[in-house]
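Colleague: I would like to go through this model and hear what stands behind the terms used for it.

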Amino acid sequence: MSRLIIHVGTHKTATTHIQDSFHRNRTLLRQHGVIYPQIGVAHGQHSLATAWVNLPAQYSIADPRQAWRDLAAAYGGGDQTVFVSSEELSRLQPTCVDMADLARLTQGFDDVRIICTLRNQAGFVQSIYQELSRGFVVGPWGAMFHRALEGSLIAGFAVDYNLLYDHLLTGFRADQIRFVSYDAAVRSERGILGVFLQEIGVTLDDDHVARLNAGRANVSLPPLANLLANEMSHPQVAQPQLVQRLCDCIAECLPPGTRTTIFSRPEMNRLRETFVPLNRRLLERIRPFQPEFELAETPENAPRLFYRNQLGEDFWLGTLRHLSR
Amino acid sequence: MARLLLHIGAYTTAISYLQKLFHGNRQLLAEHGILYPDVGPNPAHHILVTPWIDTPAIGAHHYGSRSLVDRLLGKNPHEAFFDRFVRQHAHRKGTVLLSAEVFSRAKPQHVDMRDLAHRLAPFEDVRIVYTVRHQADYIQSIWLQLAVIGKAPRFEPFLEAALAQHLASGLWVDHGKVIDHVLTGFSPDQLVILDHEATRCHPDGVAGLFLDLMGSPLRFADLQDLEPREADVSPDPLATWLAHSTRWPSPSGAGLVRAFQTSLDHIRERHGRKRTTLYSRAQYRQIEETFAADNDKLAGWLQANQPGTTLSPPAAPDTLLFREDLTIADWIGLTRQVAMGRAKDGD
């Protein structure tokens with residue numbers, strides 16, 4: 001039986017880590033019956049998304065819809081699993097995948113599955129903010145947070161995952177869509193890569209998986225220092241030196257190893273109040289098909305995080321002194 | 001014989017403004033029977049405090065030479081100068097107006113009021129004018145003045161010492177102590193207490209009030225006012241405190257104060273345009289509580305000796321922007337000034 005597994009993201013759920021690992025281990029995957037095709041120049045198959053989603057020129061290929069047809073033609077009649085991955089497939093705005101069209105393009109496979117990793121909304125929103133602020137002016141945080149709450153979207157991606165599920169259902173059946181909990185996967189013994197290998201039917205021993213898991217991509221800047229640097233620098237891009245100096249100032253005020261968050265505690269509470277009911281609705285919809293799936297309500301370490309509103313006068317005066325040297 | 005009006009302070013009650021104003025208009029004042037002598041190196045009369053308070057900044061050449069009689073009497077140059085000054089001015093017609101806030105200083109040295117009264121006896125009539133202001137404003141202003149000249153210590157220990165000792169930078173902040181000290185040489189009917197807030201409300205301002213005190217027909221409008229840059233406008237308290245906290249023990253720099261002030265102008269718009277203060281709410285309450293008894297005593301003295309004059313209370317807390325009212329967004333705006341290198345000293 002031929003299978004196509006389409007990994008649609010979401011963003012900031014270790015998708016780059018999965019894509020980089022699978023790219024480096026194509027031969028190993030093939031030995032286990034999984035095809036991870038090279039399409040375009042990137043490690044992920046973002047070029048396939050360009051059939052519907054506007055992406056930078058480096059992801060362009062001549063005919064992305066034909067590329068989908070070519071995959072079906074090449075592998076649809078066999079008994080291998082084709083795994084393609086691009087978080088851009090879960091984008092909702094300004095352009096999005098025509099899921100019905102995608103379903104038609106991939107009907108040459110015996111079985112088509114969508115796999116989508118979801119994380120708690122606080123982690124998701126923070127990670128998106130961190131990503132957007134790399135070398136770009138992101139705009140005031142307050143406005144972005146307000147838009148994420150009110151519009152349930154951030155940077156064109158769903159924060160209310162019901163919206164994403166609705167979109168996927170425009171092309172695929174509910175029993176074709178499978179969710180992975182990012183929070184549970186990263187805490188699991190074999191890590192998120194181990195969870196994905198299991199999802200696609202690749203059995204590797206623990207040592208092998210551990211080696212694949214090593215070297216996570218995209219290490220983020222310390223969130224709170226990054227936010228403060230961006231807010232101080234707006235409308236210019238925050239310089240890395242400023243982020244580092246703010247990191248040093250924050251570190252002086254906190255016990256070693258304390259993790260920060262961009263949110264204030266009231267913002268975290270508002271996120272919970274807004275999205276916990278929406279997540280529960282999503283779980284009710286998914287339960288008939290995936291009864292074991294759970295979605296974390298808040299980051300697991302939320303009670304131990306250092307929140308933005310905890311920054312006191314001593315911190316600010318210390319920062320003023322530090323920055324004026 | 002001349003009448004004498006001796007203005008002894010307090011510090012930070014527009015006294016510098018008055019000194020510059022009257023000095024600049026001394027010709028006009030003299031034409032209207034008010035003599036504002038031009039003595040010593042400044043527009044005020046600090047040189048006259050020197051028999052009791054060492055003032056090395058005033059060079060020896062200002063005192064002139066002592067007469068043989070002064071030498072034989074054992075007078076030092078400061079005493080000789082003072083007595084010569086009295087001899088030259090006490091016989092004249094009109095009012096002699098003198099102003100030097102140093103007369104109200106407590107430490108490290110203070111004026112011997114008995115000696116002062118004795119030396120001023122040749123004047124027909126001597127009145128001492130002292131302006132009071134509530135300690136919340138007074139202590140803050142003293143610290144701000146020190147910050148402007150680069151001599152302010154950290155604010156918290158300064159305030160703690162003021163609350164414990166009722167002294168700030170050698171000045172009594174319990175005005176009753178100033179009054180008690182003046183009364184060691186003068187009688188209550190020679191003392192005129194003004195309230196700083198009330199003087200600001202006089203239709204002709206503080207200068208007009210002084211002209212009224214001297215019974216002058218001149219009005220403030222008759223005088224040439226100071227240029228804005230001469231007027232010693234008080235710096236924004238919070239901007240000054242922030243600059244001081246940022247750079248202490250190095251000097252703050254006028255550029256940094258200005259940068260914070262610009263930021264605070266925007267911040268105040270978000271806080272109902274309240275005036276800033278460098279206190280926390282707890283400190284503000286503590287000041288009121290600490291000086292409540294002393295101020296009640298002052299009120300009693302004023303009631304008995306100068307009915308109609310009261311010490312104005314400090315600004316209501318809900319009219320002030322306290323340090324703890326600053327939000328994260330406010331602090332980010334303030335820090336941006338330094339982070340983006342917008343504060344340029346020497347501008």
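Colleague: What makes β1(B) and β3(B) a pair, and do they run parallel or antiparallel?

Modeller: Two strands pair if DSSP finds at least two bridges between them. Five bridges join β1(B) to β3(B), so they count as a pair, and they run parallel. Leu5(B), for one, stands opposite Leu97(B) in β3(B). The model is predicted: local features need pLDDT of at least 70, side-chain atom pairs count only at pLDDT 80 or more, and totals for chains, interfaces and linings use all residues. Residues are numbered from 1 along each chain as its sequence is written, while chains are lettered from A and ligands numbered from 1 in the order in which they are written.

Colleague: How many bridges join β2(B) to β3(B)?

Modeller: Two bridges, with the strands parallel. Leu35(B) stands opposite Val96(B) in β3(B).

Colleague: Why are β2 and β7 of chain B called edge strands?

Modeller: The open sheet has five strands in the order β2-β3-β1-β4-β7 (chain B), with parallel pairing. β2 (34-35) and β7 (191-195) of chain B are its edge strands because each pairs on one side only. Helices (H or I, at least four residues) and strands (E, at least two) are DSSP runs, numbered from the N terminus. Helix α8 (residues 175-182) of chain B lies across β4 and β7 of chain B, at about 170 degrees to β4(B). Axes here are lines fitted to C-alpha atoms, for helices over the stretch in contact, and angles run from 0 to 180 degrees between N-to-C directions.

Colleague: What makes β3(B) mostly covered?

Modeller: A residue is buried if 20 or more other C-beta atoms lie within 10 Å of its own, exposed if 12 or fewer, and partly exposed in between, with C-beta atoms placed from the backbone. In β3 (residues 95-99) of chain B, five of five residues are buried. Thr95(B), Leu97(B) and Ser99(B) point one way, and Val96(B) and Leu98(B) the other. In a regular strand the side chains alternate between the two faces of the sheet.

Colleague: Which residues have the most contacts inside the largest nonpolar core?

Modeller: They are Leu4(B), Leu6(B), Tyr130(B), Ile139(B) and Phe260(B), in a core of 171 residues. A nonpolar core is a set of buried Ala, Val, Leu, Ile, Met, Phe, Trp, Tyr and Cys residues joined through C-beta atoms within 7 Å. Its largest share, seven residues, comes from helix α6 (residues 135-148) of chain B. Leaving aside neighbours within four places in sequence, Ile139(B) is in contact with residues including Leu159(B), Ala162(B) and Ile287(B).

Colleague: How many residues of chain B are in contact with chain A?

Modeller: Residues are in contact if their C-beta atoms, placed from the backbone, lie within 7 Å. By that rule 13 residues of chain B are in contact with 16 residues of chain A. α11 (237-247) and α14 (328-339) of chain B each supply at least two residues of that side of chain B, and the largest share, seven residues, comes from α14(B).

Colleague: Where do the bounds of the domains of chain A lie?

Modeller: Domain 1 of chain A covers 3-121 + 157-213 and domain 2 covers 223-323; such bounds come from an automatic or database domain assignment. Their C-alpha centres lie 29 Å apart, and 15 residues of domain 1 are in contact with 18 residues of domain 2.

Key: Two residues are in contact if their C-beta atoms, placed from the backbone, lie within 7 Å.
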